[in-house]
Amino acid sequence: MNDINKLGLPIVLLAALWGAVSTTLSFFEIINARRDIMFELIDRCGYCTEQTLGPIEIYFTNLLPLTIGNTIFLSLIFYVILSIPRHMKIEDNTEAKHLKSACIIIAILPAFGVLAFVAGGIFDMIMLIRSLK
């Protein structure tokens with residue numbers, strides 16, 4: 001029975017990682033689409049005050065919340081993956097160390113995603129400010 005429990009752990013880690021990657025790719029696609037719309041509007045009509053949704057509104061109602069939401073999501077996935085070893089009862093110290101190492105390595109992807117989306121969010125804000133000057 002103990003071997004079956006050990007086999008479940010890689011599946012949980014893989015599912016967590018797959019969920020993070022899948023969700024992040026969806027967020028990335030939506031964020032890029034909103035960014036394209038925003039900068040297309042800036043190129044066409046600047047602030048677009050005559051339109052219901054101008055670039056500023058798109059940024060604050062779409063782009064910024066999606067970026068913050070994805071950053072929070074990836075941070076939670078990062079935390080969950082790193083906390084798995086604390087919740088597992090593994091009596092063999094070698095196996096426990098391997099699990100901890102595997103979790104750290106797997107957590108690198110969501111950690112990188114957090115950094116990338118924070119940097120992208122800052123870049124989008126800078127480009128919006130520059131474009132509307």
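Figure 1. Asn70 is buried, with a relative accessible area of 0%, where buried means under 20% relative accessible area, exposed means over 50% and partly exposed lies in between, computed with a 1.4 Å probe and protein chains only. The view is taken from a predicted model, in which local features need pLDDT of at least 70 and side-chain atom pairs count only at pLDDT 80 or more, while totals for chains, interfaces and linings use all residues. Residues are numbered from 1 along each chain as its sequence is written, and side-chain values use heavy atoms, with hydrogens and water left out. Asn70 belongs to helix H2, residues 55-87; helices are DSSP runs of H or I with at least four residues, strands are runs of E with at least two, and both are numbered from the N terminus. When neighbours within four places in sequence are left aside, Asn70 is in contact with Thr24, Phe27 and Phe117, contact being defined as heavy atoms within 4.5 Å.

**Figure 2. Phe27 and residues of its contact set.** Phe27 lies in helix H1, and, not counting residues up to four places away in sequence, Phe27 touches Leu66, Gly69 and Asn70. Phe27 and Thr67 are 40 residues apart in sequence, yet their C-alpha atoms are 7.8 Å apart in space.

**Figure 3. Thr71 in helix H2.** Thr71, a residue of helix H2, has a relative accessible area of 14% and is therefore buried. Apart from its neighbours within four places in sequence, Thr71 is in contact with Val114, Phe117 and Val118. Thr71 and Tyr59 are twelve residues apart in sequence, and the distance from C-alpha to C-alpha is 16 Å.

Figure 4. Helix H1 (2-45), H2 and H3 each supply at least two residues of the lining, and the largest share, nine residues, comes from H3.

**Figure 5. The salt bridge between Arg35 and Asp124.** Side chains of opposite charge can pair when their charged atoms come close. Arg35 forms a salt bridge with Asp124, and the closest N and O atoms are 2.7 Å apart. This pair links distant parts of the chain, with Arg35 in helix H1 and Asp124 in helix H3, 89 residues apart. The criterion is a side-chain nitrogen of Lys or Arg within 4 Å of a carboxyl oxygen of Asp or Glu, and by this rule the count comes to one salt bridge. Both Arg35 and Asp124 are buried.

**Figure 6. A nonpolar surface patch that includes Ile129.** Val118, Ile122, Met125, Ile126 and Ile129 form a nonpolar patch on the surface, with about 410 Å² of accessible area together. Patches are made of residues with over 30% relative accessible area and no salt bridge, like charges being joined within 9 Å and nonpolar side chains (Val, Leu, Ile, Met, Phe, Trp, Tyr) within 5 Å. Accessible areas come from the Shrake-Rupley method with a 1.4 Å probe, and for residues only the protein chains shown count as cover. Ile129 lies in helix H3, residues 93-131, and counts as partly exposed because its relative accessibility is 48%.

**Figure 7. Cys48 in the loop between H1 and H2.** Cys48 is found in the loop between H1 and H2, and its phi is near 55 degrees, a positive value in a residue other than glycine. With a relative accessibility of 2%, Cys48 counts as buried.

Figure 8. Trp18, in helix H1, counts as exposed at 60% relative accessibility, and its C-alpha is 29 Å from that of Ile58, 40 residues away in sequence. Ile108, in helix H3, is exposed with a relative accessible area of 55%; Ile108 and Leu82 are 26 residues apart in sequence and 9.8 Å apart in space, C-alpha to C-alpha.
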